[in-house]
Each structure stands twice: as C-alpha cells, then as structure tokens.
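Let me put the model up on the screen, and then I'll walk you through it.

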Amino acid sequence: MRKRSIIVALMAVAIGGITAYQWQTPPANSSTQMHQSQYKNIELATGFIYDNPRKLATFSLSDQHGNPFTNQDLQGKWSLFFIGFTSCPDVCPTTLNKLAAAYPELQQISADIQVVFVSADPQRDTQVKRLDYINFFNRDFKAITAEHSQLFPFSRDLGFVYAMVGEGENYQIDHSASYVLVSPTGEKTAVFRAKPKPGLPPQILNEELIADFKKIVNNA
C-alpha cells in the first residue's frame, strides 16, 4: 500500500507541475476540436477563460443515483465541476456549503446550470455514501466517480490533480481546490481559482464567482 501511495503521489506531482503551468497560461491551439473563444476579451475576478475552448474527451462515470454520467450529460447545461472526497475534513464541506449558497443566484443567471462534485475516492465513496453526502448540501447537485483508470484521465482532462496520501483505511486525498466551468456544448471554458487573502486561507468568493459567471453567460 505504501509503495502504491508513493507512486500515485509522484504521478500527481509530475502532472501537477504541468497543470499548474497550464492554469497560469491558457493552452495553445493544439487540437482540431479547439476554436477561438468568444469570451477572450472578458476579464474575470477569480480565474481565467481559455483562449481556445476544447471539448472534453469521451468519459463515462456514475452519479449518486447509479446512473451513467457521460459527455451527453453536459449538453445544454453549464457545468461547474469541483473535485474532492466525502471524508474530506474541511475544504470539501466548506466549498460545497459555499456552492449551495451561491446556487440560487447562479440559477437566476442561467437555469441551465449544474454543480458536479467529482469524488477522487471511489474506494470509499460508494453510491449510497455520495447520495447521502451531496443531499446534505443540495439535492440538485451531482456526485460522480469511477474507478481510477477512468477517473484519473477525466480529472486530468478537466485540469484537476489528486493523490492518495497515507496508508490503511485512514488515507487522505490531496486534491485541487479550484472550479472548472464547462459550456453547454461540452467545452472546458473557464477556471475559477482560490485566491489568498490576508489572514485567511485561499478561497473563491461567491460574489466574484457569481459576477464572473454572469459575464460568461451574457457573452455566450
């Protein structure tokens, strides 16, 4: 188990370095599925918009009801993704509480929005556990996961990084704390990142998230 954890962590560190660079500088046009963004002149308070939106690669995960969650579930909806795990002691419940508080205002901007919690802990986060967990915050939210063989490339495609830390049943998951916005055409459009505040842990402020989301939707 220890050797496996170290390998997973090293893989995440390597990918994390690449991902951190990509998040600072939107990626160059390297795919025929990319096109010039109509949002490129928008300045966000809490993140950035990709110069060249790109459709997510084909994926298949499961939601908290046991239903498949695929690329088709992105069509016609703005999808706001966040990665974590149900045993997370602080970041995940805090983030989901904030998203639940922001959700009514996000819905006023676009009724076609879904918040999707991606569990990076498929071993412990069973369908029932994800259902109970996400219902505590908002029954409209999705809680998806898959085996690591499918979850890892999916999360990497979104720009998320996660790694198992520790041994035995009480291992933790280190994971990204940003949000990723996917457009109603299934394209990765924007990243919202936590910002440091004096005397406070880095966080994404709801008022900035809501204002940025409104800018994007109004220019869609």
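**Starting from a proline**

So, let's begin in a loop: Pro122 is found between β5 and α3. Before I go on, some housekeeping. This is a predicted model, where local features need pLDDT of at least 70 and side-chain atom pairs count only at pLDDT 80 or more, while totals for chains, interfaces and linings use all residues. Residues are numbered from 1 along each chain as its sequence is written, and side-chain values use heavy atoms, with hydrogens and water left out.

Back to the proline: buried or exposed? Pro122 has 14% relative accessibility, so it counts as buried. The cut-offs are under 20% relative accessible area for buried, over 50% for exposed and partly exposed in between, with a 1.4 Å probe and protein chains only. Leaving aside residues up to four places away in sequence, Pro122 touches Thr145, Ala146, Glu147, His148 and Leu151, contact being heavy atoms within 4.5 Å. Take Thr145: it is 23 residues from Pro122 along the chain, yet their C-alpha atoms are separated by 6.1 Å.

Let's zoom out for a second. The protein has five helices and 12 strands. Of its 220 residues, 49% count as buried. And if you take contacts between residues at least 6 apart in sequence, 71% of them join residues at least 24 apart.

**The sheet**

Which order do the strands of the open sheet come in? There are six of them, and the order is β1-β10-β9-β4-β5-β6, with mixed pairing. To count as paired, two strands need at least two DSSP bridges between them. β1 (47-55) and β6 are at the edges with a single partner strand each, so each has one side left without a neighbour in the sheet. On average, neighbouring strands are turned by 25° against each other, direction ignored.

Start at the β1 end. β1 and β10 run antiparallel and are joined by five bridges, with Ile49 opposite Ala190 in β10. Strand β10, residues 187-192, is mostly covered, with six of its six residues buried. Then β10 pairs with β9, again antiparallel, over four bridges; one to click on is Val182, whose bridge partner in β10 is Lys188. Those two strands make a hairpin with four residues between them, and Gly186 in the turn has a positive phi of about 80°.

At the other end, β5 and β6 pair in the parallel sense over three bridges. There, Phe117 has Ala143 in β6 as its bridge partner. Helix α2 packs on the sheet, touching β4 (78-84), β5 and β9 (179-182), and its direction makes about 170° with that of β4. For the angles, axes are lines fitted to C-alpha atoms, for helices over the stretch in contact, and the values run from 0 to 180 degrees between N-to-C directions. Helix α3 packs on the sheet too, touching β5 and β6, at about 150° to the direction of β6.

**Helix α3**

α3 covers residues 127-137, and its buried residues are Arg130, Tyr133, Ile134 and Phe137. Looking down the axis, they fall within an arc of 90°, so they line one face of the helix; that arc uses the directions from the helix axis to the C-beta atoms. On the face turned away from the buried side you get the exposed residues Val128, Asp132 and Phe136. The cover over the buried ones includes β2 (60-62), α2 (91-109), β5 (113-119) and β6 (142-144).

**Rings**

Now the aromatics: how many pairs does the structure hold? There are 13. Rings of Phe, Tyr and Trp (its six-membered ring) pair if their centres lie within 6.5 Å, and planes under 30 degrees apart are stacked, over 60 edge-to-face and the rest tilted. Phe82 and Tyr179 have ring centres 6.1 Å apart and planes at 90°, so that pair is edge-to-face. Phe82 is in β4 and Tyr179 in β9, so the pair ties together parts 97 residues apart in sequence. Both Phe82 and Tyr179 are buried. They also belong to a cluster of ring pairs that links them with Phe117, Tyr133, Phe136 and Phe137.
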